[in-house]
Structures are given as C-alpha cells and as structure tokens.
Amino acid sequence: MKKNVKIKNLTIGNGSIPIQTMLKNRVKETDLTLKKIKKFANMGCDIIRISVPDEDELNGLKIVLKESPIPIVADIHFDYRLAIKSIEAGVHKVRINPGNIGNEDRVKEIIQCLKEYNIPVRIGINGGSLPKHLTSKYKNSIDTMIESAKEEIGYFEKYGYDKIVLSFKSSSVIETIEVNEKASTLFPFPLHIGVTEAGDLIDGTVKNSIGISALLQKNIGDTIRVSLTAPEENEIIVGKKILESLGKREELLEIISCPTCGRTNGNISQIVVSLKEKIAEKNINRRIKIAVMGCVVNGPGEASNATFGVACGNERSIIFENGEKLKTVDNTQILDELMILLEKNIECHDKK
Ligand code: SF4
C-alpha cells in the first residue's frame, strides 16, 4: 500500500504532483531568498529546497521559514549535525544523501530528531555519489542505487520512522526511468523524480521532459524537480508545462504561436516573449488560449480554436476572437490590443 507524506500544508503521494525548485543563492541572503520564494510560489512552485552547507546558513533559514508561503526543504550533505540543526530551526523536510551522510549512528540521530519534530525526510539517492562499499559490490548503478535505498530505509525501519520520500537521480534519462520503475515496484514511499545534472536550458528541458513524462505516464512519481543550469524560474515553468501537457495540472493559460516561415510578418517570437512577460503580472482564473500567428493568409484559420489572437500583416494586423475578425490594428498596437482582450475575456486581477 503506497504511503502519503505530509509536508507542512501539502501532501506528497496523493496524485497532486507538487513542483519543486532549488534556490541557487545562499539562504543567508534573506531578502533575496524571500523575494524569490514569494515570486516562485506565485508562478506555481509548491516546495522550495535550500542548501544548508554550513552553520552560517541557519540564522537565514530561521528568518526565511517565518515568512515563506510554501514548505521549505533543507538540503544536507556530509554533516548530519546540520540536518539536526535545520530540523530544530523548523524546516519542513530534510533531504539527506546516503552516499555522504555517514554511518548508522549518525542516521539514527537524524531519525530521532525527525521523530521529535514529526517532519518527513527525503532519502535522495544520486547515481554520481553512491556509498563506496556498495559501488564495489554491485556492477551496475541501478542495482547500486536500489541497494543504497534499501540500506538507508533499513535504518529508518529499525528506528521506527516511515515519513519518507525517495528519489533516484541520474544524469542519464534512460537510467532515471529504469531505476524509478524498479523502485516503484519495491518501495511503498512517494517518489520525487527528475533528471539531475541535466545541462543548460535546452538540454535540461529536453532530458527532464522525456524522463519525467515517461514516468508520470506510468503513474510513477509524486513530486517533480526539473534540474537546469539556468535561473530557477525556468525549472518551474518547464515543470508546470510538463504537468499541464500530461493533463496532471490544469492549464489555465496557453499561448500558441506559429513556427514562422517565409510568409511571416513581424517579430513573432518577440511578441510571444513580451506577452508572456505582461501576463506574468496577472492572476489568471479562467481557461484561455491566445494565438500569435505570423501571417494573415493561414493565421486566423489555423488558430480558430484560440480564445483570441493576432494574425500579423506587413504594417497592420488582424485581431480575432473566437475565430471571427474583430478589427485591424497598427502593428505597434498588437500587444496593447491583446492585453485589452485578455482583461475583457477573463476576470484577471493584478497580482499583489
Ligand atoms: Fe508561416 Fe503563416 Fe503558418 Fe506562421 S501561420 S508558419 S507565417 S504560413
């Protein structure tokens, strides 16, 4: 029977698939940290992970915990005492790596503290940092990752604690899929999924989209993190798009745009970027689809299922709504006209 895990006010393992990202700055930069967390929560991020590499970060962590609107996970490597101090500081979950957290005695101390504060742990197995005594014993990294999880879970069973989330991460998409498939048949705990060390925006987006989607389509995976060598916003946007594309999260706003070709008028990609920036300030609460098309020949027809949109002409463009031409506007007015239609078509309020 599969288990659920509560982390502050949300549940991992109930089918809702929370999106996570990890901050790329130090938590002790508290103003920046809180500004980011609030922005990311508004964008649809559900859980924030923060590195706690040394004691210096603990004061910042305490300040951030007081004001964060979403749960915070402390990411701990090597020093089990930092896990204990983060739990005592009030963090909502800790992530430990069996490859570097140390022996059973240290894990036992963490478990006792988790019990006292009644918060969950993520046992985060990483294909690149597996326990040495296991890498010499098992030939392939999938078996080693599974054995590492079994060993660590064994400590938690021995000391009676089961508020566990597991993750099995690899920089290989195929390995990520295979190890998580195997883990889903062996362990009852929720799975945090994603492809790690996946690369820059394009490489990482492709690898994570393939890996995460392949698993979610088989109902494997309970929370996701898209790891990118790019600003955190991108991890959230890509994660959200993956869930929306798979029908795992309601898609309220969809902007469709043509790929452009030799018939294209205007700078379609710039219009889409500017539109997204303007809409990011809005709180969309109804389903809406906006089309940005590069010509008046094919544009309106191909985008007839959009709520409204633009088909660009040489100097003037057609604004259409529900497949019908509304008006022709000067190309400099396109964005303003689309925003007027957005306000008209949905109840949207500027985000506070
Ligand atoms: Fe080209 Fe027009 Fe199609 Fe865009 S909508 S790809 S501009 S033919």
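Handedness first: a crossing is left-handed if the near helix is turned anticlockwise from the far one by less than a right angle, and right-handed if clockwise. Helices (H or I, at least four residues) and strands (E, at least two) are DSSP runs, numbered from the N terminus.

Now the ground rules. This is a predicted model, where local features need pLDDT of at least 70 and side-chain atom pairs count only at pLDDT 80 or more, while totals for chains, interfaces and linings use all residues. Residues are numbered from 1 along each chain as its sequence is written, and side-chain values use heavy atoms, with hydrogens and water left out.

Start with H7 and H8. H7 covers 173-186, and H8 covers residues 201-216. Their crossing is right-handed. The axes come within 9 Å and cross at roughly 20°. Axes here are lines fitted to C-alpha atoms, for helices over the stretch in contact, and angles run from 0 to 180 degrees between N-to-C directions. H7 and H8 are therefore roughly parallel. The cut-offs: under 35 degrees is roughly parallel, over 145 roughly antiparallel, 65 to 115 roughly perpendicular, and the rest oblique.

Who touches whom? Contact means heavy atoms within 4.5 Å. H7 brings Val 173, Thr 176, Ile 177, Asn 180 and Glu 181; H8 brings Lys 207, Ile 210, Gly 211, Ala 214 and Leu 215. By class, that is five nonpolar, three polar and two charged. Ala, Val, Leu, Ile, Met, Phe, Trp, Tyr, Cys and Pro count as nonpolar, Asp, Glu, Lys and Arg as charged, and the others, Gly among them, as polar.

Next, H1 (residues 30-43) and H9 (residues 232-245). They pack at about 15°, axes 10 Å apart. So H1 and H9 are roughly parallel to each other. H1 passes H9 right-handed. Lys 36, Lys 39, Phe 40 and Met 43 of H1 meet Glu 232, Glu 233, Ile 236, Ile 237 and Lys 240 of H9. Charge shows up here: five charged residues, four nonpolar, no polar.

Now the rings. There is one aromatic pair. Phe 168 and Phe 187 have ring centres 6.1 Å apart and planes at 10°, so they are stacked. The rule: Phe, Tyr and Trp (its six-membered ring) pair with centres within 6.5 Å; planes under 30 degrees apart are stacked, over 60 edge-to-face, the rest tilted. Phe 168 sits in strand E8, and Phe 187 in the loop between H7 and E9.

Last, the ligand. Its shell, meaning residues with a heavy atom within 4 Å, includes Cys 258, Cys 261, Arg 263, Cys 295 and Glu 302. By class, the shell has four nonpolar, four polar and two charged residues.
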